[in-house]
Amino acid sequence: AVAGLCPCRAVFARRGGALRALCGSLRGLAAGPETHFGFQTVTEEERREKIYQVFESVAKKYDVMNDSMTLGIHRVWKDILVHKMNPSPGTLLLDVAGGTGDIAFRFINYVRSARERQLQRKLRHHQNLSWQEISESYQEDKSKSLGDSQVVVCDINKEMLKVGKQKAQHLGYSEGLSWVLGNAEELPFDDDMFDVYTIAFGIRNVTRIDLALQEAYRVLKPGGRFLCLEFSHVNNPLLSRLYDLYSFQVIPVLGEVIAGDWKSYQYLVESIRRFPPQEELKAMIEDAGFFKVDYQNLNSGIVAIHSGFKL
Amino acid sequence: GAAMLRGTAAVLRRAASSGQGPGQAPGQGSGSARLEPSLLRFLVCPLSKRPLRYDEATNELVNEELGIAYPVIDGIPNMIPEAARTTQKKPSAEGSKRP
């Protein structure tokens, strides 16, 4: 069971980590490769199960919690990600760990506006055409309001996908959008398929990040772009202390009050602390074969966007 | 191993056949549980990365070579290897290549 560490004990847990790791590895000798679940040491299989349960539990309140915890700022981070992507109509996007569809919907909105601007530009050039010709061009363009853009949302968690699909129906998204239940470490897609691969606030929950990055490389077309939006490490010492305070004192409480689930949100904050910092993640992405790997800090490193290209 | 696969698949089959989910719009009937054709051009078997055949009758994506089939539930293909069931076609084929 997930140990209900109280917030102040979590700080000491980090210091006691070495001792616990030793006990954990003795325990784990027969059980398989060791990894972490927040500040606990578990086997890879246990970790996958625990994480699945976390998201199964929070799925229905996922969006509400995101708004509460980040005071709505997560929306801005996601907007920035899609603006950075700057997709043109016809782009094929694979959004991994995309559960509730936030990136997918933004992508669709973006290419739809881009497509509208494209059509307006085309119309301005149609000054000398007959009404017949103009209306014909209207017909053919109307059926492609997204200009053949497509987004496939892939997530390992059934509950998250269910929420995403319902949201899509509710908000009126249908064209150019598909949902697949799949594992980021073992994607059910062919090689060289997608123009862009995104993973927003998901890679932290993958057990074998190296495998996920290799899969990302495999499914991207040559020239394709990898984009990762994730919590990262804050460089500013004062902000870092405030952030720690907020994370360990406020977030699990919010989790309990809003989602009735303290433990899942305790896991969330611990997993953020455990996740590799910017430079280390950059190195991992390069190891997978990506070129021109770069990152952009948002809010002093609370969040970072990593980008790489398959050449 | 294989027993776990069969067990998981049995549960999924029962769940799939027990009726429409709560998110279905009225009047859509069984059409909404089927796989969107546009997805077929993207999907391959996550284990072998080889093409799949969509079986409309059972609403499954079949990997003939490995003798496994992935279920489609509420229109969403479940491409997790543990969820696949073994088809009886090739008794000598391995059920799973997972290490």
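Biologist: Leaving aside its neighbours within four places in sequence, which residues is Glu215(A) in contact with?

Modeller: Contact means heavy atoms within 4.5 Å. Glu215(A) touches Ala184(A), Glu185(A), Glu186(A) and Leu187(A), and also Lys49(B). This is a predicted model, in which local features need pLDDT of at least 70 and side-chain atom pairs pLDDT 80 or more, while totals for chains, interfaces and linings use all residues. Residues are numbered from 1 along each chain as written, chains are lettered from A and ligands numbered from 1 in written order, and side-chain values use heavy atoms, without hydrogens or water.

Biologist: Where in chain A is the place of Glu215(A), and is Glu215(A) buried or exposed?

Modeller: Helices are DSSP runs of H or I, at least four residues, numbered from the N terminus. Glu215(A) sits in helix 9, residues 209-219 of chain A. Its relative accessible area is 8%, so it counts as buried (under 20%, with a 1.4 Å probe and protein chains only).

Biologist: Which side chain does a polar contact join to that of Glu215(A)?

Modeller: A polar contact pairs N or O atoms within 3.5 Å, one able to donate a hydrogen and the other to accept it; residues adjacent in sequence count only if both atoms are side-chain atoms. Here the partner is Arg218(A), at 2.8 Å.

Biologist: How many residues does the contact take from chain B and from chain A?

Modeller: Chain B gives 21 and chain A gives 25. Buried area is the accessible area (1.4 Å probe) lost on being put together, summed over both parts. The two chains bury about 1,900 Å², 57% of it on carbon and sulfur atoms. Phe42(B), Lys49(B) and Ile76(B) supply 34% of what chain B buries against chain A, more than any other three residues.

Terms used
Helices (H or I, at least four residues) and strands (E, at least two) are DSSP runs, numbered from the N terminus. Buried means under 20% relative accessible area, exposed over 50%, partly exposed in between (1.4 Å probe, protein chains only).
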